[in-house]
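Hi everyone, thanks for making the time.

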Amino acid sequence: MALLLRSSWLHPLNDRAAWSQLLSYFNPLWSLTEARARVLEVIDETPQVRSFWLRPNAQFGGFKAGQNVMVGVEINGSRHYRSYSFSSAPRADGAFRVTVQRQPGGRVSAALHQVKVGDWVHLGDAQGRFAPRTETSPVLMVAAGSGITPMLGLLDEMAQMQPQRDVVLLHCVRDAIDEIAHAELTARCAAMPHLKYLLHSSSEHGRLPPAALGELAPDWRNRDALLCGPPSFARAIERFFELHDAQDQLQTEHFGRAPLMVDEHADSQSVSLLSSVQTFTAAAGQSLLEAAEASGLSPLYGCRRGICKTCQCQKRSGVVRNLATGELSGPGTEWIQLCVSSALTPIEISL
Amino acid sequence: MSTFTTRTDLEPARLDALAQELDALRLRVKASLGERDASHIRRMQKIVAGAEISGRSLLMFGWGPISWVAGVLSLAFSKILENMEVGHNVMHGQYDWMNDPTLHSQTYEWDIVCDGGHWRHSHNVEHHNHTNILGKDHDYGYGMLRLTPEQRWSPGALIQPFTYMLLAALFQWGVAVHDIKIGRYVKGRMSRAEFAERVRPFLRKAGRLLFKDYVLFPLIALWNAPRVLLGNLIANLLRNLWTNAIIFCGHFTRDAHVYMRNEVANESRGAWYLRQIQGSSNLQGSRWFHLLTGHLSHQIEHHLFPDLPAPRYAEIAPEVREICQKYGINYNSGGFFKQYFGVLARIVRHAWPSRPRVRSGIQRGPAGEHVAHVIVA
């Protein structure tokens, strides 16, 4: 019976997509197919950082503290997503917080900073795993700049579930004005007697030498370590752990995407297929379709001149040049046509 | 009667210059896509939904002939707008840049018995790539009409005015079975297994749409069932007649040219553009006329740039016309009745044996060099 009710023979009566479209005309949050969220509150953390309390609709599948989520906004008619860490723990009413740093030249973060209370945004699924490995071990959190956001979520959860947990939190900021959620963390210290909250200001004391970790948390070797910050910072801390052969106790949450180096002079680039864990190389200027075929794959194709879109597939990361127009793609998830795209960086596609 | 226009052939260097100008135009429009285009297509979706709901409601719950006629017209309008301005254009990828899954070429499924996958192949790949190349563009005459003397005549062509009337009335079915390539199977050039594979998506799609219009909605209407059934039938008929007339005006008008396979071997991008212009023809009309044709009234612009949002065709048309003038290419445009009359005249004329018109042209060697100025007969 349930099968019958879901049968496509009854379309459009039971067509979720069609009803969803209609309902969305009345309230975008009533979508039956897409996760979306209403903006409940906007908080200025620093001149460059804003937090948003969001209430998702029923299509959102929930999350765990420390995870991240793709948040999407429409910019000039086209939808763009970026991933942000949850900066709160899950709550009974479903609302959560994300904290967004405005990136120089970043279109999505700029658009998010325009979002007002009552607006709505698109959501992806929560993803990633970033949390202490055990329930009880003492924890060391090392964050730089807006790398503090997943820590805020984890601490929010610990304050509710394990207020006695032993945590050392080290937050590196440029100067006092960049202290995200300083008041919140100070209040956490009152609620969590074994939380040690350390601030390092690089304008006053210079860049944190990784070795200083040993002084700030002498028992760091006994701690489950969590790290989040810009790539150069994260790399330096990781090297410190490797040096002491302690990389096993460290988990790093990568800060956005690692910056992609477009090398116009590279002879070839590697192309990874997400579906089949396969890799092939594409020569500079060679279309991905030709490169895939040369390596024995046979993707669908049609006109081979960029008009029919039969060979279109989703690029998950990397930059490609459109051979027909010369345009460069963005670094993230986008639809590309294999027959007129050539790789400028290593790329990942799903066929 | 005015003379026919002759086909223009250009030197390779001129072709390259033409390609550059058109590429630049395309890039300029691409760069300016944005909010305006997004809200246009969303508004169209809303109008489609509104017209379908009101049309079906009038048919199901209305009383008397006036509400029936209004219901039929509203439903036909919705079906036409959905197929032409939304479905056809979305499936060309004109709105892929919006990154909205409900408006994406790979996932959109339109409200017609033709399966989306079949359409994407026969239309986007074969027709748009090989436009008006005899033997390669299977949309040229749809394998059942002889529209130009270069097609071989057979006695069967004599009945094509009647075949055409049937096709016009049942157009969505013609479109739906087009990519199955039944002819190939009948001639023994396709295995039974492949044929079955090709038929399956069609049966699946057609079955559901037939069920929707002729069983499901009439059933819901209870005692109004006959009224709904007949209304749906007429709405589908109106949609068939309209889309057929518009689509036939796209490539089969009096001055639309055809190409032979050997003429397009190693065709350059410029030559491809040139063929798209000379194989297509435009219709003039009001804004709503253009919308109801899905902007196929700007067939020339659509064939040059199949993935630009359709309303942009109307905007760039003056510029395209100017470029054509500059290169001495005929820009084939006229009112609906003039162009459609040209199509009907072709169907009737070439039902009878006909010989290619004498055409002067430049004969080219294999490398595209000018060999001789010849009369092709």
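Before going on, some housekeeping. This is a predicted model, where local features need pLDDT of at least 70, side-chain atom pairs count only at pLDDT 80 or more, and totals for chains, interfaces and linings use all residues. Residues are numbered from 1 along each chain as its sequence is written, while chains are lettered from A and ligands numbered from 1 in the order in which they are written.

How confident is the predictor in chain A? On pLDDT, the predictor's confidence in each residue from 0 to 100, chain A averages 90, and 96% of the residues score at least 70. By elements I mean DSSP runs numbered from the N terminus: helices (H or I, at least four residues) and strands (E, at least two).

I call two residues in contact if their C-beta atoms, placed from the backbone, lie within 7 Å. Domain 1 of chain A gives 13 residues to its contact with domain 2 of chain A, which gives 15. On the domain 1 side, strand S1 (36-46) and strand S5 (96-101) of chain A each supply at least two residues.

One local detail in chain A: the peptide bond joining His11(A) and Pro12(A) is cis, with omega about 5°. You'll find Pro12(A) in the loop between H1 and helix H2 (16-26) of chain A.

Now to the meeting of the two chains. How many residues does each chain bring to the contact? Chain B brings 29 residues and chain A brings 21 residues. On the chain B side, the elements giving two or more residues are helix H1 (12-31), helix H2 (35-61), helix H4 (116-129) and helix H8 (192-220).

Two of those helices also pack within chain B. H8(B) packs against helix H9 (residues 225-251) of chain B at about 150°, with axes 8 Å apart; axes are lines fitted to C-alpha atoms, for helices over the stretch in contact, and angles run from 0 to 180 degrees between N-to-C directions.

H1(B), in turn, packs with helix H13 (residues 311-326) of chain B at about 160°, their axes 12 Å apart. That makes H1(B) and H13(B) roughly antiparallel as well. Glu21(B), Leu22(B), Leu25(B) and Val29(B) of H1(B) make this contact with Arg312(B), Ile316(B), Glu319(B) and Ile323(B) of H13(B).

Last stop: Tyr142(B) has a positive phi, near 50°, in a residue other than glycine. Tyr142(B) sits in the loop between H4 and helix H5 (160-169) of chain B.

Note on methods. Angles under 35 degrees count as roughly parallel, over 145 as roughly antiparallel, 65 to 115 as roughly perpendicular and the rest as oblique.
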